[in-house]
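Thanks for asking me to look this one over. My comments follow as numbered points, and I hope they are handy to keep beside the model.

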Amino acid sequence: LDWDHWSPAGERQDSATLRVGFAGHAEQTTKGVDLIRAAVEQVPGMELAVETWRRDRRAWADMPSFYRSLDIYVCASQPGAEAGPRSPMEAGLCGVPVITTRAGQIGEMVRDGADGFGVDRNVDAIRTALVALRDRDRRREMGASVRANFDAWAQRTANEWATFLQEVANS
């Protein structure tokens with residue numbers, strides 16, 4: 001994994017519109033894109049950017065540029081329907097604060113109020129978190145925090161796997 005590839009590229013330029021993003025299989029109801037869209041529509045000055053895997057597919061190597069174009073990343077996956085999910089982690093590694101349901105590992109990794117927000121899977125909860133992230137300084141602090149948290153987790157996990165594989169090879 002090229003850690004520099006998944007890193008913040010500097011602050012996004014100030015804009016009157018905050019860019020909220022989602023990446024994944026948008027047509028699957030378990031992903032909650034309809035919930036994200038409804039919440040974004042209720043917060044003035046926000047727009048939703050959706051990068052799907054099936055249409056207009058962007059190469060995985062180019063995904064950091066998508067994440068870096070965002071102010072906030074939202075994962076509204078149904079708990080129990082995800083193992084990862086990977087996209088919020090990629091966004092977090094790019095320094096984008098994450099709003100997430102408690103889906104898979106990401107729901108356990110996001111420290112509520114420090115890296116972003118862990119929310120219930122409904123429009124009101126997502127909207128409330130979006131409103132809280134309208135504050136630029138808060139987004140900046142959470143973006144730095146989520147980057148450090150996810151980077152440490154990825155490094156720790158890589159080391160644990162390396163140790164495990166070495167032990168298997170030596171047994």
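How many bridges join β3 to β4, and in which sense do the two strands run? Three bridges join them, and the strands run parallel. With that as a starting point, here are my notes.

1. **Confidence.** Please keep in mind that this is a predicted model. The protein chain has an average pLDDT of 86, and 88% of the residues reach at least 70. Among the elements of the chain, helix α5 (residues 123–132) has the highest mean pLDDT, 97. The lowest mean, 80, belongs to helix α4 (residues 104–109). As a reading rule, where pLDDT is low, the predicted coordinates should not be read in detail.

2. **Strand β1 and its partners.** Strand β1 covers residues 18–24, and six of its seven residues are buried, so the strand is largely enclosed by the rest of the structure. With strand β2 (residues 46–52), β1 pairs in the parallel sense over seven bridges. If you want a spot to look at, A23 has E51 of β2 as its bridge partner. β1 also pairs with strand β3 (residues 72–75), again in the parallel sense, over two bridges. Here G21 stands opposite Y73 of β3.

3. **Strand β3.** This strand pairs with β1 and is joined to β4 as well. On the β4 side, C75 stands opposite T100. In a regular strand the side chains alternate between the two faces of the sheet. In β3, I72 and V74 point one way, while Y73 and C75 point the other way. Are these four residues buried or exposed? All of them are buried. Y73 is also part of a cluster in which ring pairs link it with F66 and Y67.

4. A search of the whole structure finds six salt bridges. In one of them, the side chains of R19 and E47 meet with an N to O distance of 3.8 Å. Because R19 lies in strand β1 and E47 in strand β2, this pair ties together parts that are 28 residues apart in sequence. R19 is partly exposed, with a relative accessible area of 22%. E47 is partly exposed too, at 36% relative accessibility.

5. **A salt bridge between two loops.** D120 forms a salt bridge with R102, and their closest N and O atoms are 3.6 Å apart. This pair links distant parts of the chain, 18 residues apart: D120 sits in the loop between β5 (116–118) and α5, and R102 in the loop between β4 (98–100) and α4. R102 is partly exposed, with a relative accessible area of 46%.

6. Helix α6 spans residues 136–170. How far apart are R140 and D137 along the helix? They are three residues apart, so about one helical turn separates them. R140 is partly exposed at 36% relative accessible area, and D137 is partly exposed at 42%.

7. **An aromatic pair in helix α6.** A search of the whole structure finds three aromatic pairs. In the pair of W161 and F164, the ring centres are 5.6 Å apart and the planes are at 90 degrees, so the pair is edge-to-face. W161 and F164 are three residues apart in helix α6, and therefore separated by about one helical turn.

8. **A nonpolar surface patch.** Which residues make the nonpolar surface patch of about 430 Å²? W161, F164, L165 and V168 make it. W161 is exposed, because its relative accessible area of 52% is over the 50% cut-off. F164 has 43% and counts as partly exposed.

9. **Where I would start reading.** For the strands, begin with β1, since six of its seven residues are buried, and follow its parallel pairing to β2 and β3.

Notes: Residues numbered from 1 in each chain as written. Heavy atoms only, no water. Patch = residues over 30% accessible without salt bridge, like charges linked within 9 Å, V, L, I, M, F, W, Y side chains within 5 Å. Areas by Shrake-Rupley, 256 points an atom, 1.4 Å probe, with all protein chains shown as cover. Salt bridge = Lys/Arg side-chain N within 4 Å of Asp/Glu carboxyl O. pLDDT = per-residue confidence, 0-100. Buried < 20%, exposed > 50% of the residue type's maximum accessible area, 1.4 Å probe, protein only. Pairing = 2+ DSSP bridges. Phe/Tyr/Trp six-rings, centres within 6.5 Å; stacked < 30°, edge-to-face > 60°.
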